[in-house]
Amino acid sequence: MQNVSLQFKKKNDYRTKEAFKTLRTNIEFCGGDVKVIAITSCTPNEGKSSIAMELAKAFAEAGNRTMLLDADMRKSVLVGRYQTGAVRFGLTHWLAGRVDYRDVMCQTNIKNLYVTFAGPVPPNPSELLGGEKFMNLVKNLKKIFDYVIIDTPPLGSVIDAAVASKSCDGTVLVVENDAISYKFAQKVKDQLDKADSHILGVVLNKVDMTGKGYYGHYGKYYGKYYGKYYGKYGEENIETQTAAKTIRPYRDDIDINVELKDKKASH
């Protein structure tokens, strides 16, 4: 097992901490059988990886043994954003059969929090996430950990999240306020439905809490994002093998609004 020290650029304020506690509590209310949660978004840069990390940390701080699994193998940002020191092996190495899973698991400086980073960009991420080896991995992690949070690629760009969600107990969709249209979000939801994914709810992220433009102009950038990113997610990584340089840094000080459906209401 590897050891890493996670570094957070800025401490969350009280309101942001409470938002993540609310998100954690709402997931707990979804039922005791909901232990493996996929996190996805419609497009890149909506903050899904930050949500995944903060949610995993919230579960760990509540005393739950938690694994954050980085399954965004096309364009992972977790290593560059949070980790200091070298990580020798990642999920890709294990799925390719090169190492034992204990070699890719990382114990962090946060009590109860473990992370498995993505590793190098593979030529066939969708096939790896849809394979029997990944499904068995998730089943085994569910036996070992109280919660498993899986960071997956944006579903509006590639199909990986829908493929990975088949192995999960539920999916949370992260939507950036004032950036994604209702129609685009509905298309992503429909794709999750086709994959028989249990949608737990939506996190509305990057909300302006000052009152200016609150919830306004929803979908203003639908055409720009949809046309720019659909079908191209992570292509540059195949050539450069680096992700952190291509991702716009996410601002950790943005407040978060949380909307999660009760499990009973979803049936």
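Trainee: Which exposed residues does the face of helix 9 turned away from its buried side carry?
Mentor: That face carries Tyr182, Lys183 and Lys194. Please keep in mind that this is a predicted model.

Trainee: And which residues of helix 9 are buried?
Mentor: They are Phe184, Ala185, Val188 and Leu192. Viewed down the axis of helix 9, the buried residues fall within an arc of 100°, so they line one face of the helix.

Trainee: Why would residues three or four places apart point the same way?
Mentor: An α-helix has 3.6 residues a turn, so residues at that spacing point the same way.

Trainee: What span should helix 9 have, and how far apart are its end C-alpha atoms?
Mentor: Helix 9 covers residues 182-194, and at 1.5 Å a residue its 13 residues should span 18 Å. The end C-alpha atoms are 18 Å apart, which agrees.

Trainee: What comes just after helix 9?
Mentor: Asp196 is found there, with a positive phi of about 60°.

Trainee: Let me turn to helix 7. Which of its residues are buried?
Mentor: Phe134, Leu137, Val138 and Leu141 are the buried residues of helix 7. They cover an arc of only 95° around the axis, which puts them on the same side of helix 7. Glu132, Lys139 and Lys143 are exposed, on the face turned away from the buried side.

Trainee: What about the span of helix 7?
Mentor: Its 13 residues, 132-144, should span 18 Å at 1.5 Å a residue. The end C-alpha atoms of helix 7 are 19 Å apart, which agrees.

Trainee: You named Leu6. What does Leu6 touch?
Mentor: Leaving out residues up to four places away in sequence, Leu6 touches Met53, Tyr82, Thr108, Asn109, Ile110, Leu113, Val115 and Phe117.

Trainee: Is Ser126 buried or exposed?
Mentor: Ser126 has a relative accessible area of 14%, under the 20% limit, so Ser126 is buried. Ser126 is found in helix 6, residues 125-129. Not counting residues up to four places away in sequence, Ser126 touches Arg74, Ile159, Asp160 and Val163.

Trainee: Stepping back, how many helices and strands are in the protein chain?
Mentor: The protein chain has 11 helices and 11 strands. Of its 267 residues, 56% count as buried. Among contacts with a separation of 6 or more, 86% are accounted for by residues 24 or more positions apart.

Trainee: What is the accessible surface of the protein chain?
Mentor: The accessible surface comes to about 12500 Å², and 50% of it belongs to carbon and sulfur atoms.

Trainee: One last topic. What pLDDT does the protein chain average?
Mentor: The average is 79, and 77% of the residues score at least 70. Over residues 214-231 the pLDDT is below 50, and this stretch has 38 contacts in the model beyond near neighbours in sequence. The pLDDT is also below 50 over residues 236-267, a stretch with 84 contacts in the model beyond near neighbours in sequence.

Key:
Residues numbered from 1 in each chain as written. Predicted model: local features only at pLDDT ≥ 70, side-chain atom pairs only at ≥ 80, totals over all residues. Heavy atoms only, no water. pLDDT = per-residue confidence, 0-100. Contact = heavy atoms within 4.5 Å. Helix = DSSP H or I, 4+ residues; strand = E, 2+ residues; numbered from the N terminus. Expected span 1.5 Å × (residues − 1). Buried < 20%, exposed > 50% of the residue type's maximum accessible area, 1.4 Å probe, protein only. Arc of directions from axis to C-beta. Areas by Shrake-Rupley, 256 points an atom, 1.4 Å probe, with all protein chains shown as cover.
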